[in-house]
Number of protein chains: 2
Amino acid sequence: MTMDSFARLKLFLEPRSIAVIGASPNTGAHAFNIVETLDLSGYKGQVYPVNPNYAEILGRTSYPAISDIPGDVDLAIIMVRRDLAPEIVQQCADKGTRAAIIVSGGFADADDEEGKRLQQEVVRVARRGGVRILGPNTIGSANAFTDFSTSFVKPIDMRKLPIGVICQSGLFFGTIGRMQLVGKGLDLGNACDVDAAEALEYFEQDPDIRVIVLHIEGIKDGKRFRAVAQRAARKKPVLALKSGRGEEAAKAAQSHTGSMVGRDEVWDALFKQCGVIRAGDVNELGDLAKAFCHLPPMKGRRLGIITASGGIGIMSLDACSKYNLDVPKLSPEVRERLNGMSPPWFRVGNPVDIWPIMITQPRPMGETMRLLLREVLGDPGIDGVLLNTGAWFESFTPPITEIIREAADACPGKPIALCPYEGWLYDVHAQDLEAKLEGARSAVFSISDDALRALSRLADYSEFIREEL
Amino acid sequence: MTMDSFARLKLFLEPRSIAVIGASPNTGAHAFNIVETLDLSGYKGQVYPVNPNYAEILGRTSYPAISDIPGDVDLAIIMVRRDLAPEIVQQCADKGTRAAIIVSGGFADADDEEGKRLQQEVVRVARRGGVRILGPNTIGSANAFTDFSTSFVKPIDMRKLPIGVICQSGLFFGTIGRMQLVGKGLDLGNACDVDAAEALEYFEQDPDIRVIVLHIEGIKDGKRFRAVAQRAARKKPVLALKSGRGEEAAKAAQSHTGSMVGRDEVWDALFKQCGVIRAGDVNELGDLAKAFCHLPPMKGRRLGIITASGGIGIMSLDACSKYNLDVPKLSPEVRERLNGMSPPWFRVGNPVDIWPIMITQPRPMGETMRLLLREVLGDPGIDGVLLNTGAWFESFTPPITEIIREAADACPGKPIALCPYEGWLYDVHAQDLEAKLEGARSAVFSISDDALRALSRLADYSEFIREEL
């Protein structure tokens with residue numbers, strides 16, 4: 001991607017000035033007023049409402065047309081009837097505006113030929129006039145680093161995460177599973193101009209971004225996408241949710257974003273070949289994003305499991321075998337020390353069941369847990385640790401999050417996954433735990449199956465990178 | 001199961017008086033004091049602490065031995081060193097106590113031969129003395145209908161759900177995924193006496209129970225289990241999570257509850273043959289419990305999908321094809337009416353994308369949604385409806401939960417599944433939505449994939465019952 005191309009796409013994510021064409025004076029959560037959501041999200045640049053029917057919108061002058069705006073306009077956001085779109089794009093070109101988001105639908109996503117024709121017309125006008133188009137039929141772009149979002153639904157809650165999201169559904173600008181993804185986001189919508197390959201190249205080069213999340217229903221230029229994905233996935237993990245698998249879904253995708261979806265097995269092979277990590281559903285995508293964003297690489301597949309529930313320990317083993325993770329014996333030294341803390345009838349295994357040790361130790365339970373985590377994480381034959389402990393371990397002294405921080409500092413190269421097991425108090429405390437673990441090279445998952453699936457992908461990616469070197 | 005056997009097991013769930021043998025005077029969340037948790041859970045019967053080292057425990061006389069208790073004792077809860085257990089069980093027999101929960105571990109779950117020997121000894125003494133044993137190595141029993149729980153961990157939050165839980169891990173007495181399961185619960189632990197088959201028979205007959213949830217690591221008498229499961233599953237849905245699949249997990253299960261696990265494919269076949277519905281992980285188990293507990297039978301496989309996100313609509317289609325649900329065209333009459341509400345370029349499909357209709361309709365969005373749900377649910381070619389609408393639809397007039405209640409009343413024979421889609425505000429509002437939908441023949445799921453998996457199992461069970469008739 002040339003410097004110039006990069007700078008042009010940057011206008012979608014860091015515009016200094018915006019014209020909202022088809023702006024509305026209505027306010028409130030159901031008014032879908034982009035001027036209002038720009039204000040509410042904290043955008044600091046210039047916002048110019050454009051609507052010939054009003055003199056003022058939300059305290060700002062409303063201009064009859066983009067040409068009437070006195071200053072420069074980096075980005076136009078267009079919400080007008082579809083048949084007006086080509087003319088409006090022409091006006092953007094005349095104004096010297098080089099980027100436009102077409103929020104409106106009814107183009108290639110429509111059920112008539114006129115929609116397709118209008119989209120072609122928009123592309124023709126845009127190319128001739130030097131305007132890049134995001135959409136049509138899109139929620140637009142978002143950038144947590146500059147408090148900027150074009151979402152018409154409501155001001156979205158954003159965190160400065162090093163995640164670049166490329167999607168074909170505004171859904172991804174919200175919370176996925178229990179994970180907030182954006183970072184920075186580009187909703188391609190019908191992808192008439194800016195497409196997945198180009199967005200991927202952008203985030204590949206963006207120094208704020210460490211992990212790329214991709215939701216696609218289909219692409220037009222498979223060869224180009226492959227070339228870009230192959231390169232990007234070597235630089236940064238690329239996580240993908242590809243939807244529109246079956247015939248019915250393919251038809252619906254055509255009507256949703258005008259995409260051609262392609263056979264699912266072809267996608268599987270393509271992703272695999274490029275080193276792109278494919279998620280099966282949005283919860284998995286959220287879990288993977290969490291793992292790749294917060295955890296260090298999993299250098300091997302050897303897992304240590306510390307469990308406050310024997311039953312969950314066994315389920316974790318089931319999941320390890322499903323996800324191809326090894327659960328080896330701990331080293332003789334570690335076993336010897338832990339057996340010395342146990343009742344005589346107990347031999348420490350992996351998973352390490354904490355209860356026999358907890359009830360035998362004179363130390364407070366929190367102190368015993370600290371010892372256990374240090375021993376298991378420090379074992380040279382272990383590449384990462386899964387902690388199946390109740391969220392209520394947070395009420396111990398020291399609390400579980402402090403123990404994890406400490407252990408992660410002592411052993412920074414190994415991931416720690418915490419499952420505040422299986423919902424026992426989960427909905428109450430999980431987000432608190434996540435907040436307290438921020439920056440501690442650890443991640444919180446709903447259940448151990450989910451954590452292990454994510455750790456396994458982390459190990460896959462380490463292998464992929466090693467093989468590529 | 002004879003009346004007499006039923007009455008004996010009932011002592012574990014509805015005891016009028018309890019002796020806690022090995023009671024402790026310590027209090028607080030980490031004291032694991034069963035006398036305290038009995039009080040905190042609101043148990044109304046007699047509680048007798050037994051511990052020769054104390055004269056008084058939590059304001060009650062502490063008796064040196066169960067024989068010193070003046071009144072009758074329905075149930076003994078035993079928390080003592082393993083080598084004392086046979087003698088204590090003998091004392092229970094002598095007292096005329098007919099049910100005992102052995103909480104302590106170190107029996108068949110231990111890594112030495114002595115544990116196995118002690119468990120056999122306990123069984124021998126119990127059989128001879130006419131004492132039924134739950135455990136050892138168990139969290140015991142719980143009954144929301146009588147505010148009774150023997151959990152030593154903390155007073156568990158229980159609702160009077162028509163769910164009977166049979167498990168080999170105390171975990172299941174807590175919240176599974178986002179679903180509180182108990183109802184009534186029996187943790188079999190090592191299952192030295194009361195086993196899965198017998199517990200299944202009990203809940204099969206218990207009129208408070210409509211759905212049976214089973215977590216097993218292994219069973220001893222496969223033939224008997226099969227006979228009971230086959231009969232029970234025809235009367236009430238039986239949902240099962242069978243863990244201990246691989247070789248490592250099998251070894252761990254042996255050490256967790258002394259269970260022989262058996263080959264996983266054998267279990268698959270057995271469950272299928274009996275009509276038992278198998279869950280893959282605890283979140284699925286919670287989702288299935290929710291579906292079978294709250295939703296009416298899904299009489300066919302024809303689903304209507306109403307979606308506030310085109311992208312999620314397509315993912316829903318992918319999941320329908322994975323879970324073998326049909327997404328047929330709506331009937332011509334319904335399509336005609338909905339097309340009349342849409343922009344000219346839009347033809348209503350299934351999934352029904354709400355946005356083109358919403359933005360065209362002069363009605364408030366809540367009213368439009370009410371109309372949509374009524375039309376799709378009322379379509380005679382549709383057996384159930386999935387609603388992919390943001391939790392924020394609850395802020396509309398009328399709110400989404402009111403719309404669902406109304407529609408469910410008008411069309412009581414069809415399930416409605418709500419996905420406050422994919423986490424967009426989900427963690428904030430999902431539980432409120434669930435509370436507001438209580439009793440409305442609808443259920444809330446995390447993501448549409450999860451909802452569709454559950455609806456598919458609901459349809460499977462209807463088919464199974466029809467074939468059996």
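A residue counts as partly exposed when the number of other C-beta atoms within 10 Å of its own falls between the buried cut-off of 20 or more and the exposed cut-off of 12 or fewer. Leu58(B) has 19 such atoms, so it lands in the partly exposed group. Keep that in mind as you look around this predicted model, which pairs chain A with chain B through a contact of 59 residues from chain A and 61 residues from chain B.

- For the complex, the predictor gives an ipTM of 0.91 and a pTM of 0.93.
- Chain A has a mean pLDDT of 91, with 95% of its residues at 70 or more.
- Watch out for residues 422-428 of chain A, where the pLDDT is below 50. Even so, this stretch has 26 contacts in the model beyond near neighbours in sequence.

**Two copies, one axis**

- Turn chain A by 180°, with a shift of 0.0 Å along the axis, and it can be laid on chain B with an RMSD of 0.0 Å. The two copies are thus related as by a two-fold rotation axis.
- The copies meet through the same surface, because 100% of the interface residues of chain A are also interface residues in chain B.

**Where the chains touch**

- The contact takes 59 residues from chain A and 61 residues from chain B. On the chain A side, the elements that give two or more residues are α4 (113-129), β11 (175-176), α7 (247-257), α9 (282-294), α10 (310-322) and α15 (426-436).
- Helix α10(A) gives the most to this side, with nine residues.
- Sorted by class, the side of chain A that touches chain B has 22 nonpolar, 24 polar and 13 charged residues.

**Two domains in chain A**

- Where they meet, 10 residues of domain 1 are in contact with 13 residues of domain 2. On the domain 1 side, the largest share comes from α9(A), with five residues.
- That domain 1 side has four nonpolar, one polar and five charged residues.

**Inside the nonpolar core**

- The largest nonpolar core has 323 residues, and Leu239(A) and Leu239(B) touch the most other members.
- Leaving aside neighbours within four places in sequence, the contacts of Leu239(B) include Val211(B), Val213(B), Ile277(B) and Phe292(B).
- Val213(B) sits in strand β14 (residues 211-216) of chain B and counts as buried, with 30 C-beta neighbours inside 10 Å.
- Val213(B) and Gly164(B) are 49 residues apart along the chain, yet their C-alpha atoms are separated by 6.0 Å.
- Beyond four places in sequence, Val213(B) is also in contact with residues including Ile163(B), Val165(B) and Leu181(B).

**Backbone details to look for**

- A cis peptide bond links Asn350(A) to Pro351(A), with omega about 10°. You'll find Pro351(A) in the loop between α11 (332-339) and β18 (352-353) of chain A.
- The bond from Thr397(A) to Pro398(A) is cis too, with omega near -10°. Pro398(A) is in the loop between β19 (384-389) and α14 (400-410) of chain A.
- Ala191(A) isn't a glycine, but it has a positive phi of about 55°. This residue lies in the loop between β13 (184-187) and α5 (196-205) of chain A, and it is buried, with 30 other C-beta atoms within 10 Å.
- Back to Leu58(B): its phi is near 50°, a positive value in a residue other than glycine. Leu58(B) lies in the loop between β3 (56-57) and β4 (60-61) of chain B.

Terms used: Residues numbered from 1 in each chain as written. Chains lettered and ligands numbered in written order. Predicted model: local features only at pLDDT ≥ 70, side-chain atom pairs only at ≥ 80, totals over all residues. Least-squares fit on C-alpha atoms with pLDDT ≥ 70 in both. Contact = placed C-beta atoms within 7 Å. Helix = DSSP H or I, 4+ residues; strand = E, 2+ residues; numbered from the N terminus. Nonpolar A, V, L, I, M, F, W, Y, C, P; charged D, E, K, R; others polar. pLDDT = per-residue confidence, 0-100. Core = buried A, V, L, I, M, F, W, Y, C linked by C-beta atoms within 7 Å.
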